[in-house]
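Trainee: Could you take me on a close look at the ligand site in this model? I'd like to hear what surrounds the ligand, and then what holds the neighbouring parts of the chain together.

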Amino acid sequence: MARRKKVYEGSAKILYEGPEPGTLIQYFKDDAAPAGDQADAPPQGALEGRGVLNNRLSEFFMAGLNAIGVPTHFIRRLNMREQLVRMAEILPLEVVVRNYAAGDLSRRLGIPEGMGLPRPIVEYYYKDEKLGNPLVAEEHIIAFGWANQQDLDDMVALALRVNDFLSGVMLGVGVRLMDFRLEVGRIWEGDFMRLIVADEISPDSCRLWDMRGLDTPDREGQVREPGPLADVYTELARRLGVLPSNVTHTPKPTLIN
Ligand code: ADP
Ligand code: MG
């Protein structure tokens, strides 16, 4: 294959220049990715097959969002590990939507994990790993020029639509979307700017609890408590029917370091 120009290499993905201006190729690695909870969870180890599954899963969610009119960067999947996306100017923020208390929110505010929130809560974290991606308020975002008020309004609307879509899709396969994080980017169409969902939507950006079989006691009469979905990459891909046929011989991703 012709050598491509690498634009960026992060912990989970490599970005290459795309075939046309305004496009990028996202290559999904197996390496450690920051885990589900946004700013607060420890990085997970590398998992063989994670990149392949995240590529498929992100394709599945982004294509679904595109289909219902929620704009995303996703254009098409190219192969097992790569997808073609629209290049966007990423806002230096992670937008987190929470439906149930967990992680950082539970720790900070003393709310028991698993408690339903009275309404979805949208939070912003400033994307700066050296600072540990700190939680910030709208005041900080506007004062420091990371986004303006219109962007924030658009981001909340976008994040809540993504939340409804993802929550519904997950619910359909017995999974509860506790919280997730999004990256949002700007694209221009002529003079018109709009915000789109960028980066990835995968188990690395969602906290997922397994709700299947909670009401059926096991042989010892024990009823399972709700908790994190086990083998999350493979299990979610399996339930959603997006397991690539040529990796089905791998029952689940295995630790490689
Ligand atoms: P990180 O370790 O910084 O999270 P990743 O390994 O997740 O990085 O690599 C993805 C990088 O690509 C992130 O910096 C993300 O902001 C950026 N990115 C994602 N989607 C787009 C896009 N459509 N246009 C430009 N940059 C993007
Ligand atoms: Mg990332």
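Mentor: Let's start with a term: a polar contact is a pair of N or O atoms within 3.5 Å. Keep in mind as we go that this is a predicted model. With that cut-off in hand, look at Lys-13: one of its polar backbone atoms sits 2.7 Å from an oxygen atom of ligand 1, so the pair counts as a polar contact. Then turn to Asp-199, where a polar backbone atom lies 3.0 Å from a nitrogen atom of the ligand. How much of ligand 1 does the protein bury? Taken alone, the ligand exposes 550 Å², and the protein buries 89% of that.

Now the wider shell. Two elements give two or more residues to it: strand E2 (13-17) and strand E3 (23-28). There are 17 residues around ligand 1, and those that come nearest are Tyr-8, Ala-12, Lys-13, Arg-86 and Glu-183. Sorted by class, the shell has eight nonpolar, four polar and five charged residues. Where does ligand 1 lie relative to domain 1 and domain 2? Domain 1 (6-86) and domain 2 (89-210) both contribute residues to the shell, so the ligand lies between them.

A search of the whole structure turns up 24 of them. Take Arg-81 and Asp-30, whose side chains meet in a salt bridge at 3.0 Å, N to O. Arg-81 is in the loop between strand E4 (74-77) and strand E5 (82-86), while Asp-30 is in the loop between E3 and helix H1 (50-67), so to speak a link between distant parts of the chain, 51 residues apart. Both Arg-81 and Asp-30 are buried.

Next comes Arg-98, which forms a salt bridge with Glu-123, the closest N and O atoms being 2.9 Å apart. Arg-98 belongs to strand E7 (residues 93-100) and Glu-123 to strand E8 (residues 116-126), so this pair ties together parts 25 residues apart in sequence. Buried or exposed? Arg-98 counts as buried because its relative accessibility is 0%, and Glu-123 is buried too, with a relative accessible area of 8%.

Arg-239 and Asp-210 are another pair to click on: their side chains meet in a salt bridge at 3.1 Å, N to O. Since Arg-239 is in helix H5 (residues 232-240) and Asp-210 in strand E12 (residues 206-210), the pair ties together parts 29 residues apart in sequence. Arg-239 counts as buried at 14% relative accessibility, and Asp-210 is buried with a relative accessible area of 12%. Some salt bridges share partners, and these join Arg-98, Asp-104, Arg-108, Glu-123, Asp-179 and Arg-207 into one network.

One last stop is Ser-106, which you'll find in helix H2 (residues 103-109). Its side chain reaches the backbone oxygen of Ile-111 at 2.8 Å. Ser-106 is buried, with a relative accessible area of 9%.

How values were computed. Residues are numbered from 1 along each chain as its sequence is written. Chains are lettered from A and ligands numbered from 1 in the order in which they are written. This is a predicted model: local features need pLDDT of at least 70, side-chain atom pairs count only at pLDDT 80 or more; totals for chains, interfaces and linings use all residues. Side-chain values use heavy atoms; hydrogens and water are left out. A residue is near a molecule or strand if one of its heavy atoms lies within 4 Å of it. A polar contact is a pair of N or O atoms within 3.5 Å; within protein, one must be able to donate a hydrogen and the other to accept it, and residues adjacent in sequence count only if both atoms are side-chain atoms. Accessible areas come from the Shrake-Rupley method with a 1.4 Å probe; for residues, only the protein chains shown count as cover. Helices (H or I, at least four residues) and strands (E, at least two) are DSSP runs, numbered from the N terminus. Ala, Val, Leu, Ile, Met, Phe, Trp, Tyr, Cys and Pro count as nonpolar, Asp, Glu, Lys and Arg as charged, and the others, Gly among them, as polar. Domain bounds come from an automatic or database domain assignment. A salt bridge is a side-chain nitrogen of Lys or Arg within 4 Å of a carboxyl oxygen of Asp or Glu. Buried means under 20% relative accessible area, exposed over 50%, partly exposed in between (1.4 Å probe, protein chains only).
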